[in-house]
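Have a look at the model first.

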Amino acid sequence: MVNHGSWESRGLGCRYKTFPRCQFFVCQLSHIIVLYWPAFIMYATLKSFGLASILSVAGTSAASGGYVVGPTLQTDILAAAALGKLTLHAAQNRDTSTCTLDNVAIRREWGSLSAADRQAYTNAVRCLMEHPSLLDPLEVPGAKTRFDDFVAVHINQTFSIHGTANFLSWHRYFTYAFEQALRSECNYNGYHPYWNWGKYAHNPLNSPVFDGSSTSMSGNGEYVPHNCTDGLPTGLNCIPPGSGGGCVTTGPFANMSVNLGPIAPTLAAPGVVPASSLFAYNPRCLRRDISSWVSSNWTTDFESYDLISNYTDILSFQNRMQGDFATGFYGVHTGGHFTIGGDPGGDLFASPGEPAFYLHHAQIDRVWWIWQNLHPETRTNAIGGTITLNNFPPSRNGTLDDLLDLGVVGPAAGVLEIRDVMSTIGIGGGPLCYIYV
């Protein structure tokens, strides 16, 4: 057992403990077919005309609300197959589950939500920014709001939740905790949306996520002269300066105050300097430098499809997802963060201070969820890696018994073992009860 020390006293969470098992979800395959029938029909049509090769072509496809979205049929088909296999796996592993077709939460893509549903989400996020922090102000003076509490917990655990065995499970639980806070503290009635990168990879600035409208996650920062952004610690593939770099002044998060960080800033713009200490109060504007150069290289649907299809063990899968920095490869994880860039979006430590962080990590979770459920018997509990960032310093391998402790932002389920969040429908234990469509 690890000594929790000052982490526990601050409410910032640790990583190790045991909790009771939850239950199972049983779904009807007919409902799954209905949800994904358009993807199956489109695929069958393409095959019948000998046009299946279109699936691997980068570019754009059907228009949505005046915006031309990129093709995501490759991963849509994988998602449909994963959901079907999960259905059968759940039926074969049923017990006294409370997660059922009637109460399972459905997470949907941002662009598929109605205007009212998008605004309900951003209103709830802004609500968290108005509620006071639950952290000790003497220990974490920079945390002024409940939104800041999430940032502080992430800052505190950064070195033990990236490049580690718990990277995917920790962020799954963290995003779930954020969703639960929106629902329990801010009366949000929906479930957490995700940002399907492939739909918008060739034009993120004008996408429904970042177009700056009242139904977006706000737009780009105002233009300020700046140098390229070193998104990777190796200095390779420095990101060309975009049309932003300054404060975000449009959309729901216009003129937002960021209070914590940056700890390791990457935006090379005047005034962006590290905070005086890890939890210092450092009020400033939200900055973005949205980059289609990053998104069109590392977050296309093909990148997600390749990751899910060709990296068949958990270690190679999560390593590819997080990027191969020695070769200049961002991967979908780092690529998503640096599609947004800016401050704190480009800071490994304080990145949850960027409101779009949670849409990005819901998509990270969705990609893992698809990968898991294409082979649920062998992949649901697959875990690999150590408990330190890229095994520095060298450490033991992570296990399913390791703890996920989110401190003051932890939901009602409290401190869990990793095994308790490996299934999003409670197979094998845990409180989760959601799927992606």
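## Salt bridges

Asp 401 and Arg 419 form a salt bridge, with their closest N and O atoms 2.4 Å apart. (A salt bridge here is a side-chain nitrogen of Lys or Arg within 4 Å of a carboxyl oxygen of Asp or Glu.) Asp 401 sits in the loop between helix H13 (376–379) and strand S10 (403–404), and Arg 419 in the loop between strand S11 (416–417) and strand S12 (434–436), so the pair ties together parts 18 residues apart in sequence. Helices (H or I, at least four residues) and strands (E, at least two) are DSSP runs, numbered from the N terminus. Asp 401 is partly exposed at 43% relative accessible area, and Arg 419 is partly exposed too, at 22%. For the cut-offs, buried means under 20% relative accessible area, exposed over 50%, and partly exposed in between (1.4 Å probe, protein chains only).

By this rule the count comes to 12 salt bridges. Another of them joins Arg 172 and Asp 365 at 2.5 Å, N to O. That one links distant parts of the chain, with Arg 172 in helix H6 and Asp 365 in helix H12, 193 residues apart. Arg 172 is buried, at 1% relative accessible area, and Asp 365 is buried at 4%.

## About the model

This is a predicted model, so to speak with caveats: local features need pLDDT of at least 70, side-chain atom pairs count only at pLDDT 80 or more, and totals for chains, interfaces and linings use all residues. Residues are numbered from 1 along each chain as its sequence is written, and side-chain values use heavy atoms, with hydrogens and water left out.

## Helix H11

Helix H11 (residues 331–340) is mostly covered, with 10 of its 10 residues buried. Those buried residues pack against helices including H6 (167–186), H10 (314–322) and H12 (357–374). Just after H11, Gly 341 takes a positive phi of about 60°.

Across the protein chain, buried residues make up 57% of the 437 residues. The secondary structure comes to 13 helices and 12 strands.

## The lining of a pocket

What classes of residue make up the lining of the second largest pocket? There are 10 nonpolar, 24 polar and three charged residues. Ala, Val, Leu, Ile, Met, Phe, Trp, Tyr, Cys and Pro count as nonpolar, Asp, Glu, Lys and Arg as charged, and the others, Gly among them, as polar. H10, H11 and H12 each supply at least two residues of that lining.

Note on methods. Contact = heavy atoms within 4.5 Å.
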